[in-house]
Amino acid sequence: MGSERPGECVDKGPYVSEMDFSGFRMQVSTDRYHCQDYANRERERMWMRTWQVAGRADDIPDTGDWMEYRLFDQSWLLVRGRDGVVRGFVNACRHRGNSFCEGRGHSPRFTCPYHNWSYGLDGKCLAVAKPDYDGPLEEFVAPKDELGLIEVPVECFAGFIFLNPDRNAGPLADFLGEIADQLSAYRLDEMIPVGLNVRERIDCNWKVIMDAFQEGYHIQGVHPELVPAMDESKERYYFFGDHSVATGPFGASNLVEQSPEDQVKTIHGLPMTFPAVAEALPRFDELVNECRDADGKLNFTDETGVRQLLQRATRDTWTAKGLDVSRLTDVQMSDNHFHLVFPNLFMTIRGGEATVIISYPQPDGDPNHCFWHVMNLMWVPPEQRAAMREPLKEIAEGDHFTYFLPLEQDYEQMQHQQRGLRNTTMKHMELTRQEVRLAWFHSALDTWVLGRDEK
């Protein structure tokens with residue numbers, strides 16, 4: 001595993017003011033957001049070759065549970081086998097290519113309704129209708145053991161099911177690299193969707209979504225209510241291959257400008273966007289009251305500020321409930337850690353919870369629209385998970401789900417941006433230093449889509 005607490009390297013990552021920008025390209029071409037030719041190359045060179053999230057492992061928890069994963073006009077079947085392993089197969093019968101699974105379900109085997117060829121949970125061909133009707137099957141086609149469903153690479157990590165359409169893909173561990181150690185410390189595989197689990201179409205390119213959540217520069221313009229609780233100027237950055245992490249401290253400098261009582265009120269306002277903070281507030285209030293003098297006046301020190309108290313309260317609370325947070329740093333107990341797992345998995349994570357945003361291209365390949373999947377993952381004791389698990393809510397086209405305020409603001413803003421990006425006379429976006437993660441992300445994307453010679 002790396003260090004005892006892998007997040008220590010991120011805690012010590014550089015500020016923007018300490019970074020060398022000589023190797024960064026701060027211009028990003030706009031055709032990648034609306035040009036069909038670029039979208040086609042992106043599909044074939046990146047989407048059809050890279051590891052991507054196809055679902056959560058607890059979506060198919062039991063033997064025989066299955067679900068479909070679609071990307072553009074491609075379809076795969078994800079199923080949990082009798083050995084407990086999740087496997088992925090091309091959703092097409094080997095006989096005449098009939099697609100036989102849609103949505104999700106449970107079955108001990110798969111039978112194509114066209115000609116009744118059947119397959120096991122491991123993809124092996126079990127039976128063929130009328131095999132001796134005009135001579136053994138092997139004389140005309142192939143041995144039955146060569147007629148199983150076409151398998152594609154599938155692996156589970158951090159509670160997610162990752163799929164790669166490329167049958168020659170390398171292991172997921174090689175693709176994730178060091179960021180896997182960062183994520184494993186949070187025990188995301190023990191978290192479930194609580195309160196929010198929505199999939200909805202948005203009128204913007206999938207990359208607009210990934211861009212929006214990789215910078216805090218827009219907070220002062222789009223989310224003014226978050227300014228008192230967050231200080232994006234103190235963000236630290238760390239890069240792991242194509243992936244990246246940034247930290248967003250809760251009021252590292254802003255809070256000190258408030259009175260002690262107002263600082264406490266700011267922490268009490270955090271559950272609006274970070275629901276699991278509410279779990280730690282009773283313990284937080286106990287620790288705050290220990291800092292009051294005989295007259296009830298709060299006296300914070302450098303060692304016992306609201307940030308430190310929130311860190312301690314969060315660690316105490318989750319430990320008491322049964323979550324192992326021993327591999328998380330104090331900073332990971334309080335501050336947002338913004339993880340981008342290339343290409344389309346974004347997570348804002350704190351100890352005990354994560355807001356997950358995954359964006360997918362439009363099925364018909366139109367680059368001006370996409371789908372996003374938003375869920376709030378939270379750790380809850382095992383005996384409570386079945387009752388608290390939020391089912392996926394699919395929003396019908398033309399309808400809209402109302403999110404919590406900052407996410408609703410982002411939903412609206414991203415569609416405004418797409419309308420501007422479609423202006424063909426605007427050839428490039430000009431990035432600021434606060435958007436360094438966008439520069440990194442698009443450089444990685446260029447390597448996949450354009451190749452090293454065309455970047």
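**Figure 1. R56 and the ring of F160 in the predicted model.** In this predicted model, R56 lies over the face of F160, with 4.5 Å to the ring centre. F160 is buried, and its relative accessible area is 1%.

**Figure 2. K207 and the ring of Y33.** Another charge over a ring involves K207, which lies over the face of Y33. The distance from the ring centre is 5.7 Å.

**Figure 3. Aromatic pairs, with W66 and F110 as one example.** A pair of aromatic rings is described by the distance of the centres and the angle of the planes. The count of aromatic pairs in the model comes to 22. One of them is formed by W66 and F110: the ring centres are 6.3 Å apart and the planes stand at 75 degrees, so the pair is edge-to-face. Distant parts of the chain are linked by this pair, since W66 belongs to strand β3 (residues 65-71) and F110 to strand β7, 44 residues apart. W66 counts as buried at 11% relative accessibility, and F110 also counts as buried, at 3%.

**Figure 4. The aromatic pair of F160 and F162.** The rings of F160 and F162 form an edge-to-face pair, with 6.4 Å from centre to centre and 75 degrees between the planes. F162 is buried, with a relative accessible area of 3%; for F160 the value is 1%, and this residue is buried too.

**Figure 5. An aromatic cluster.** One aromatic cluster is formed by W47, W206, F342, F441 and W448.

Figure 6. Strands of a sheet pair through backbone hydrogen bonds, either parallel or antiparallel. This open sheet has the strand order β7-β8-β9, and its pairing is antiparallel. Strands β7 (110-111) and β9 (125-127) are the edge strands, each pairing on one side only. Between β7 and β8 (residues 118-119), which run antiparallel, there are two bridges. T111 has S118 in β8 as its bridge partner.

**Figure 7. The open sheet of eight strands.** Here the order is β14-β15-β16-β17-β18-β19-β13-β20, and the pairing is mixed. At the edges stand β14 (236-240) and β20 (393-394); each has a single partner strand, so one side of each is left without a neighbour in the sheet. Inside the order, β13 (residues 191-202) and β19 (residues 370-379) pair in the antiparallel sense over nine bridges. For P193, the bridge partner in β19 is L377.

Figure 8. A disulfide is a covalent bond between the sulfur atoms of two cysteines. The count of disulfides in the model is zero. C204 is in no disulfide, and the nearest cysteine sulfur, which belongs to C370, is 4.2 Å away. The cut-off for a disulfide is a pair of cysteine sulfur atoms within 2.5 Å. C204 is buried, with a relative accessible area of 0%. C291 is buried as well, with a relative accessible area of 13%.

**Figure 9. The surroundings of T329.** T329 sits in the loop between α10 (306-321) and α11 (330-334). This residue is buried, at a relative accessible area of 5%. The side chains of T329 and D11 are joined by a polar contact of 2.9 Å. Apart from neighbours within four places in sequence, T329 is in contact with R5, G7, E8, D11 and R315.

Key: Residues numbered from 1 in each chain as written. Predicted model: local features only at pLDDT ≥ 70, side-chain atom pairs only at ≥ 80, totals over all residues. Heavy atoms only, no water. Helix = DSSP H or I, 4+ residues; strand = E, 2+ residues; numbered from the N terminus. Buried < 20%, exposed > 50% of the residue type's maximum accessible area, 1.4 Å probe, protein only. Polar contact = N/O pair within 3.5 Å; in protein donor to acceptor, adjacent residues only side chain to side chain. Contact = heavy atoms within 4.5 Å. Pairing = 2+ DSSP bridges. Phe/Tyr/Trp six-rings, centres within 6.5 Å; stacked < 30°, edge-to-face > 60°. Lys NZ or Arg CZ within 6 Å of the ring centre and 35° of its normal.
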